[in-house]
Amino acid sequence: MSVLRKPRRVIRSQPVIEGAGVHLNRAFGHSEAPGFDPFLLLDDFRSSRADHYLKGFPWHPHRGMETITYMLDGAVVHGDSMGNTGTIGPGDVQWMTAGSGIIHQEMPKGNAAGKMGGFQLWANLPATHKMMAPRYQEIPAHRIPDVLFDGGIRVRVVCGGVGDVKGPVTDIVIDPQYLDVSMPPHTRFSHFVNPGYTVFAYVVEGRGGFAETVATPPQENGNVVVFEDGDRIAATTADDAFRFLLISGKPIGEPVAWQGPIVMNTREELQLAFREYRDGSFIKHGAGSPR
């Protein structure tokens with residue numbers, strides 16, 4: 001018999017300013033990260049104000065972790081120390097594995113109506129993979145499959161699987177699942193997940209509950225719901241539509257030494273990374289520093 005995962009904790013996203021002055025809402029971050037292993041933070045950067053996003057994220061380093069960017073509106077123009085450049089737009093996903101070290105920049109652009117938005121998730125890497133070669137998996141929207149259920153429920157499968165449908169992002173160390181679930185009013189969604197894995201949902205639009213019935217208090221835009229253990233989650237809607245990201249991953253269970261954009265296992269490794277960044281020896285693979 002399956003065990004339904006019940007909500008264990010609900011966190012409300014909070015406004016922060018990052019990069020060169022980007023206004024965003026942080027769903028969870030440094031202080032909450034121990035409860036989200038293997039994930040480190042989730043940022044919601046949706047905005048209709050150009051002055052809240054145009055300054056972007058100029059050149060900065062990463063090591064020992066991964067960034068996952070999922071776009072809804074506008075675009076992000078990016079470049080890095082390996083010579084990669086490109087633009088991701090609505091529905092696109094970029095899964096960047098920093099590994100041993102990368103220096104990159106991400107500069108947001110609004111659409112014709114001035115809207116720009118999406119989400120960036122940070123995932124940790126285990127000690128065995130901290131110094132792996134950096135890489136990108138950049139997935140255009142048309143490659144991300146949709147799975148349709150009764151009642152008009154739609155699930156976009158970025159990573160992991162729904163039934164026989166697999167997402168295009170593969171070969172990720174933490175065995176993640178990343179789904180974008182849209183539910184019309186008066187529908188119910190049930191999905192199996194790996195027991196023992198960390199599972200959370202981030203509400204993007206509307207109102208709904210994570211239970212078998214609608215009798216629970218509804219969750220709204222900007223809420224993070226962390227689930228207890230089990231092998232299944234359920235979501236139910238009443239009179240409103242409901243959209244949420246459903247994300248899971250295998251916990252790493254290792255010490256975390258984290259400062260800014262660099263995530264290692266010990267303080268000594270962290271100090272070494274910043275020392276190498278200062279002296280120009282940070283990049284271990286690729287073309288070198290763009291600074």
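# Close-up views of a predicted model

**Figure 1. The largest pocket and the residues around it.** The largest pocket of this structure has a volume of about 440 Å³. The model shown here and in the other views is predicted. The lining of this pocket consists of 23 residues, and Glu 18, Phe 57, His 60, Gln 120 and Trp 122 are those that lie nearest its centre. At least two lining residues come from each of the strands β3, β4, β5 (57–62), β10 (102–109) and β11 (117–124). Strand β5 gives the most, with four residues. By residue type, the lining of the largest pocket divides into 11 nonpolar, eight polar and four charged residues.

**Figure 2. The second largest pocket.** The second largest pocket holds about 230 Å³ of space. Its lining is made of 17 residues, and those nearest the centre are Gly 160, Gly 161, Asp 175, Pro 176 and Gln 177. Seven of the lining residues are nonpolar, seven are polar and three are charged.

Figure 3. Rolling a probe the size of a water molecule over the atoms shows where empty space is left. In this model, the count comes to one cavity of 30 Å³ or more. The largest cavity has a volume of about 30 Å³. Which residues line the largest cavity? They are Thr 69, Val 76, His 78, Ile 88, Gln 94 and Glu 106. This lining divides into two nonpolar, three polar and one charged residue.

**Figure 4. Strand β7 and its two partners.** Strand β7 covers residues 75–80, and five of its six residues are buried, so β7 is largely enclosed by the rest of the structure. A residue is counted as buried when its relative accessible area is under 20%. Strand β7 pairs with β10 in the antiparallel sense over six bridges, and in this pairing Ala 75 stands opposite Lys 109 of β10. Strand β7 is also joined to β8 (residues 85–88), by four bridges, and these two strands run antiparallel. Here Gly 79 has Thr 85 in β8 as its bridge partner. Together β7 and β8 form a hairpin with four residues between them. In the turn of this hairpin, Gly 83 has a positive phi of about 90°.

**Figure 5. An open sheet of seven strands.** The strands of this open sheet follow the order β2-β3-β4-β11-β6-β9-β12, and their pairing is antiparallel. Why is one side of β2 and of β12 left without a neighbour in the sheet? Strands β2 (14–18) and β12 (135–139) stand at the edges and each has a single partner strand, so one side of each has no neighbour in the sheet. From one strand to the next, the twist averages 25°. Within the sheet, β3 (residues 22–28) and β4 (residues 39–44) run antiparallel and are joined by three bridges. Arg 26 stands opposite Asp 43 in β4. In a regular strand the side chains alternate between the two faces of the sheet.

Figure 6. The loop between β3 and β4 contains Pro 38. The peptide bond that leads from Asp 37 to Pro 38 is cis, with omega near 20°. The backbone oxygen of Asp 37 is reached by the side chain of Thr 198 at 2.4 Å. Thr 198 belongs to strand β19 (residues 198–208). Is Thr 198 buried or exposed? Its relative accessibility is 13%, so Thr 198 counts as buried, the limit for a buried residue being under 20%.

**Figure 7. Two loop residues with positive phi.** Asp 171 lies in the loop between β16 (165–166) and β17 (177–183). Its phi is near 60°, a positive value in a residue other than glycine. With a relative accessible area of 61%, Asp 171 is exposed, because the cut-off for an exposed residue is over 50%. His 186 is found in the loop between β17 and β18 (188–192). His 186 also has a positive phi, of about 60°, although it is not a glycine. At 57% relative accessibility, His 186 counts as exposed.

Key. Residues are numbered from 1 along each chain as its sequence is written. This is a predicted model: local features need pLDDT of at least 70, side-chain atom pairs count only at pLDDT 80 or more; totals for chains, interfaces and linings use all residues. Side-chain values use heavy atoms; hydrogens and water are left out. Two strands pair if DSSP finds at least two bridges between them. Axes are lines fitted to C-alpha atoms, for helices over the stretch in contact, and angles run from 0 to 180 degrees between N-to-C directions. On a 1 Å grid over the protein atoms alone, a cavity is a set of points where a 1.4 Å probe fits but cannot get out, and a pocket is an open set with protein on both sides within 12 Å along at least five of seven lines; lining residues have an atom within 4 Å of a point. Grid points are joined across faces, edges and corners, and a volume is the space filled by probe spheres set on the points. Ala, Val, Leu, Ile, Met, Phe, Trp, Tyr, Cys and Pro count as nonpolar, Asp, Glu, Lys and Arg as charged, and the others, Gly among them, as polar. Buried means under 20% relative accessible area, exposed over 50%, partly exposed in between (1.4 Å probe, protein chains only). A polar contact is a pair of N or O atoms within 3.5 Å; within protein, one must be able to donate a hydrogen and the other to accept it, and residues adjacent in sequence count only if both atoms are side-chain atoms.
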